[in-house]
Amino acid sequence: MSFPDLFSGHAKLYAAARPTYPERTIAELAALAPGRGLAWDCGTGNGQAARLLAGHFASVVATDASAEQIAQAEPHDRVRFAVEAAEDCSLPDASCDLALAAQCIHWFDLDRFYAQVRRVLKPGGIVAALGYGWSFVDPEVDALVARNFLAPLDSYWAAGNRLIMEGYRTIPFPGEEVRLSPAAIHLAWTGRQFAGLIRSWSATQKLGEAALADAFAKLAALWPDDQQRHVVMPLVSRVARL
């Protein structure tokens, strides 16, 4: 089965532009798991979440269907990276304490993915989906992004993107639901880093950066490349115990 490969062509940019997750959120997930043996990071991308999970579990298996994404992952002693689809993983039955899909469940075939989750999780195991939909900087930057980027890109988002924009609340989820503490990613980013995030969006890649050249110029004029500002990305989550 093919997968919606929207990031392989710019895997290096994705690795450089995408943030990691709040440590306390990962610690909260680990505390919910029935053990600390093995965690599965499904759709790991470049391994942002996998490296954090390695601080709480004896070992982590981090899979992604994109070989290009895996190639950009930074190695870790307790993380084994593998090119595998989340819907067709090779992990043994009842082997995992936690299955985490970070910024990716909206691309999965959910029925097939949940069948794998039910198979590989131990009794009482935790399945979790984390993501960040939007970022907020300040009124001026937010208004510019809405007007010059989000408006022209609106028709270029895939159906999966809409799911995360809705906070994952509209997707079916297995098991007994658990609510995590509210959290957000806080970043001290330069204008160059923020522009890199926008360039890494699948909708930007679909439209083409050249079509947004004027928007990027306006962003650089308002927020110089080397100037730091506070960026906030509210975290969305769904968590359940099977």
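Predicted model: local features only at pLDDT ≥ 70, side-chain atom pairs only at ≥ 80, totals over all residues.
Of the 242 residues of the protein, 53% count as buried.

The overall dimensions can be considered next. Along the principal axes, the C-alpha trace spans about 55 × 35 × 35 Å. The radius of gyration is 18 Å, which agrees with the value near 18 Å that a compact globule of 242 residues would have.

The secondary structure consists of 10 helices and 8 strands. Where residues at least 6 apart in sequence are in contact, 77% of these contacts join residues at least 24 apart.

Helix α8, which covers residues 191–200, is largely enclosed by the rest of the structure, because 7 of its 10 residues are buried. These buried residues are G191, F194, A195, G196, L197, I198 and S200. In general, residues three or four places apart in an α-helix point the same way, because such a helix has 3.6 residues a turn.

S95 belongs to the loop that links β3 (79–83) to β4 (96–102). Its relative accessibility is 16%, and S95 therefore counts as buried, the cut-off being under 20%. Apart from neighbours within four places in sequence, S95 is in contact with L38, V120 and K122.

Conventions: Residues numbered from 1 in each chain as written. Heavy atoms only, no water. Buried < 20%, exposed > 50% of the residue type's maximum accessible area, 1.4 Å probe, protein only. Helix = DSSP H or I, 4+ residues; strand = E, 2+ residues; numbered from the N terminus. Rg over C-alpha atoms; globule rule 2.2 N^0.38 Å. Contact = heavy atoms within 4.5 Å.
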